[in-house]
Amino acid sequence: MVHLNEAQTTSFGVEVPRCQAKSKRSGDQCRKPAVRGKRVCRTHGGASTGPKTSQGLKRCVDARTIHGRETRAMRQRRAEKLKELREIESLLINVGLIL
């Protein structure tokens, strides 16, 4: 894994901060310059301004996801269904229908 400086020199000879994002697979740091005033480049979210209104902020809080795939409500619903499934399975084992 290569650790590079926090700043890089552009082709114009100007020193700019480097994007601090790292690759999941290789662990290497992004080579693009960071957006002014941010720690990451445009590709990794430096252009994002976040929610502007209170409604937008509430929508983001309500839709907060884990690992980008599922919401808390989905996880809770899955946990409840798995609990029901385990109860049914133990009942069938006690009756002798499954081993």
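Reader: Which residues make the nonpolar surface patch of about 480 Å²?

Author: Leu91, Ile93, Val95, Leu97 and Ile98 make that patch. A patch here is made of residues with over 30% relative accessible area and no salt bridge; like charges are joined within 9 Å, nonpolar side chains (Val, Leu, Ile, Met, Phe, Trp, Tyr) within 5 Å. Areas come from the Shrake-Rupley method with a 1.4 Å probe, and for residues only the protein chains shown count as cover.

Reader: Where is Ile93, and how exposed is it?

Author: Ile93 is found in helix H3. Ile93 is partly exposed, at a relative accessible area of 40%. Buried means under 20%, exposed over 50%, and partly exposed in between (1.4 Å probe, protein chains only).

Reader: What kind of model is this?

Author: This is a predicted model, where local features need pLDDT of at least 70, side-chain atom pairs count only at pLDDT 80 or more, and totals for chains, interfaces and linings use all residues. Residues are numbered from 1 along each chain as its sequence is written, and side-chain values use heavy atoms, with hydrogens and water left out.

Reader: What is the mean pLDDT of the chain?

Author: The mean is 83, and 83% of the residues reach 70 or more. pLDDT is the predictor's confidence in each residue, from 0 to 100.

Reader: Where is confidence lowest, and where highest?

Author: Strand E3 (residues 65-66) is lowest, at a mean of 62. Helix H3 (residues 72-95) is highest, at 94. Where pLDDT is low, the predicted coordinates should not be read in detail.

Reader: How many helices and strands are there?

Author: The chain has three helices and four strands. From the N terminus, the order is β-β-α-α-β-β-α. Helices (H or I, at least four residues) and strands (E, at least two) are DSSP runs, numbered from the N terminus.

Reader: How much of the chain is buried?

Author: Buried residues make up 13% of the 99 residues. The chain exposes about 8900 Å², with 54% of that supplied by carbon and sulfur atoms.

Reader: Which side chains meet in a salt bridge?

Author: Those of Asp62 and Lys58, at 2.8 Å, N to O. The count comes to one salt bridge, under this rule: a side-chain nitrogen of Lys or Arg within 4 Å of a carboxyl oxygen of Asp or Glu.

Reader: Where do Asp62 and Lys58 lie?

Author: Both lie in helix H2 (residues 54-62), four residues apart, about one turn of the helix. Asp62 is exposed, at 53%. Lys58 is exposed, at 52%.
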